[in-house]
Amino acid sequence: LVCNAYPSRDALVVVAKEGRNLLPSAYPSIAYQECKYLREHVESHDRLDFVIQGREAHGTFEIGKLPASDAALLLVLQRRPLSRAVTFQSYAIPPSSGPRVAQIAVVDAFAGNSTSPHLRVEDHITGMEVQTVSKRVEQLDFDRVYAMAEGSYDASITVPRRLARALGGDATAVARARRALHLKRRTNYVVLRTGGEGYPESLVVFPPPPAPREPSAGRRGGPME
């Protein structure tokens, strides 16, 4: 799984191994804030070439030792701070640890000064539940993989309160870039913090949440893990 967090409006990513494009022929590139699965498996010592079309930016990632388990490899392509150069983050997403659990990689790919943010995740509560259900809230560190119970959540970026005013906001309003998370069991998810270099800070969720449906009565997900 490859995600493009290199901030550019027109640039696209081409992933090639030994001259072959590893992306689906119908969609042979990855735009900014997109993620796509490769159409071939990778092996240890494979070299993947990435090119930002329209810019003098490219990079090569060599696959190291793959985990023994049936884990998914996540590569996040991003811009090196104060440079046009390409850099990478890589993660092994292990198989789900339970029958009602999803795996979620939380990655900070913001191109700019670090503010030590966290990802705030809380139960998504609507309707009558607002008054009858206790909302659970957790602060997750970026650049880690978590196991979470299936269900619906609200996610937002938070920064330490002492930095909120320095970032131009109210010192008490520290939650930003809110997104919905709808996690299904035995599914891998990626949450990216993107932006910087003139692009707004935002959260990207892959796979993207489904289109809104008419409200209906239903059961919330189980506890966070």
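Rings of Phe, Tyr and Trp (its six-membered ring) pair if their centres lie within 6.5 Å. Applied to this predicted model, that rule gives four aromatic pairs.

**View 1. Phe50 and Phe88 form a tilted ring pair.** Phe50 belongs to strand S6 (residues 47-52) and Phe88 to strand S9 (residues 86-93). The pair therefore ties together parts that are 38 residues apart in sequence. Phe50 is buried, with 2% relative accessibility.

**View 2. Phe50, Phe61 and Phe88 make up a ring cluster.** Ring pairs provide the links among these residues.

**View 3. The largest nonpolar core holds 20 residues.** Val15, Leu38, Leu48, Phe50 and Ile52 have the most contacts inside this core. At least two residues come from each of strand S2 (12-17), S6, strand S7 (57-62), strand S8 (72-79) and S9. S6 contributes the most, with three residues.

**View 4. Val15 and its contacts.** Leaving out residues up to four places away in sequence, Val15 touches Arg20, Asn21, Leu22, Leu23 and Ile30, among others. Its contacts also include Leu38, Leu48, Asp49 and Phe50.

**View 5. Another core lies apart from the largest one.**

**View 6. Arg193 places its charged end over the ring of Phe110.** The distance from that charged end to the ring centre is 4.2 Å.

Terms used:
Residues are numbered from 1 along each chain as its sequence is written. This is a predicted model: local features need pLDDT of at least 70, side-chain atom pairs count only at pLDDT 80 or more; totals for chains, interfaces and linings use all residues. Side-chain values use heavy atoms; hydrogens and water are left out. Rings of Phe, Tyr and Trp (its six-membered ring) pair if their centres lie within 6.5 Å; planes under 30 degrees apart count as stacked, over 60 as edge-to-face and the rest as tilted. Helices (H or I, at least four residues) and strands (E, at least two) are DSSP runs, numbered from the N terminus. Buried means under 20% relative accessible area, exposed over 50%, partly exposed in between (1.4 Å probe, protein chains only). A charge sits over a ring if NZ of Lys or CZ of Arg is within 6 Å of the ring centre and within 35 degrees of the ring normal. A nonpolar core is a set of buried Ala, Val, Leu, Ile, Met, Phe, Trp, Tyr and Cys residues joined through side-chain atoms within 4.5 Å. Contact means heavy atoms within 4.5 Å.
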